[in-house]
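Subject: Structure handover and notes

Dear colleague,

My notes come after it.

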Amino acid sequence: MAKLYFNYSTMNAGKSAVLLQASHNYRENHMDTYLLTAQIDSRAGEGRIASRIGISEAADTFAPGEDLFAKIKARLAESDVASIFVDEAQFLTSDQVWQLARVVDDLRVPVLCYGLRVDFQGQLFPGSAALLALADEMREVRTICHCGKKATMVIRQDATGRAITKGDQVQIGGNESYVSLCRRHWRAAVAAEN
Ligand SMILES: [Zn+2]
């Protein structure tokens, strides 16, 4: 039975590597997969899912207003696809998560979504909130804080390593970096800046 999956994590947990490995397992068994990732600039269709450990794959892209049920249905009409993989799933809209649920229910193809659970301010991303509500199965891709505890939170840092506590949920092309922390160390990092 096809299911909607949500594999969630904080930053730098290796979720893209897990996605690419899972897709590879299908292809090794001669089953095709369809990879989607968020369109982060104006070039539709020119996506790439890349992992920090050095592996990457070309991927189609999704934009905020796009009907993903129609897009996937059109792709399935071209050739058989055994499974759909969606990276950067935190950037899906709630409507798009419902469209993916329809792909699972009506087209009977599994959809595996990979994304961040919360942003640098500890708030759910819209796509992640909808997936937490609708997914049939959820799994956490884990990483650890510098103290060894499980990291569930992320801070946005400026070039000097100070936590940035205000700003847009999505920031592209800046000089800031992200560090994943346990909740206690996230609270300490944020408190130091307030
Ligand atoms: Zn910690």
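What follows describes the domains, the cores, the strands and the annotated sites.

Please keep in mind that this is a predicted model, in which local features need pLDDT of at least 70, side-chain atom pairs count only at pLDDT 80 or more, and totals for chains, interfaces and linings use all residues. Residues are numbered from 1 along each chain as its sequence is written.

The domains

The domain assignment gives domain 1 as residues 4-141 and domain 2 as residues 144-194; such bounds come from an automatic or database assignment. The C-alpha centres of domain 1 and domain 2 are 25 Å apart. Across the boundary, 10 residues of domain 1 are in contact with 10 residues of domain 2, where contact means that the C-beta atoms of two residues, placed from the backbone, lie within 7 Å. On the side of domain 1 that touches domain 2, six residues are nonpolar, three are polar and one is charged. In this scheme Ala, Val, Leu, Ile, Met, Phe, Trp, Tyr, Cys and Pro count as nonpolar, Asp, Glu, Lys and Arg as charged, and the others, Gly among them, as polar.

The cores

In soluble globular proteins, nonpolar side chains tend to be buried together. A residue is called buried if 20 or more other C-beta atoms lie within 10 Å of its own, exposed if 12 or fewer do, and partly exposed in between, with C-beta atoms placed from the backbone. A nonpolar core is then a set of buried Ala, Val, Leu, Ile, Met, Phe, Trp, Tyr and Cys residues joined through C-beta atoms within 7 Å. The largest nonpolar core has 32 residues, and those touching the most other members are Leu 36, Ile 84, Val 86, Val 111 and Cys 113. Leaving aside neighbours within four places in sequence, Cys 113 is in contact with Tyr 5, Phe 6, Asn 7, Val 86, Ala 89 and Leu 131. There is also a second, separate core of nine residues, including Met 153, Val 154, Ile 155 and Leu 181.

The strands

Helices (H or I, at least four residues) and strands (E, at least two) are DSSP runs, numbered from the N terminus, and two strands pair if DSSP finds at least two bridges between them.

β8 (residues 153-157) and β10 are joined over five bridges in the antiparallel sense, and Val 154 stands opposite Ser 180.

The annotated sites

UniProt, in an unreviewed entry, lists two groups of residues under "binding site"; positions are given in the numbering used here, feature names are shortened, and annotations may be inferred rather than shown by experiment. Met 11 lies in the loop between β1 (4-9) and α1 (15-28), and it is partly exposed because 19 other C-beta atoms lie within 10 Å. Not counting residues up to four places away in sequence, Met 11 touches Leu 116, Val 154, Tyr 178 and Ser 180. Asn 12, in the loop between β1 and α1, is partly exposed with 14 other C-beta atoms within 10 Å.

The other annotation lists Cys 145, Cys 147, Cys 182 and His 185, which are spread over 41 residues of sequence yet cluster in space, the largest C-alpha distance being 8.5 Å. Cys 145 is in the loop between β7 (137-140) and β8 and is partly exposed, with 19 other C-beta atoms within 10 Å. Cys 147 is found in the loop between β7 and β8, but counts as exposed because it has 10 C-beta neighbours inside 10 Å. Beyond four places in sequence, Cys 147 touches Cys 182 and His 185.

With best wishes
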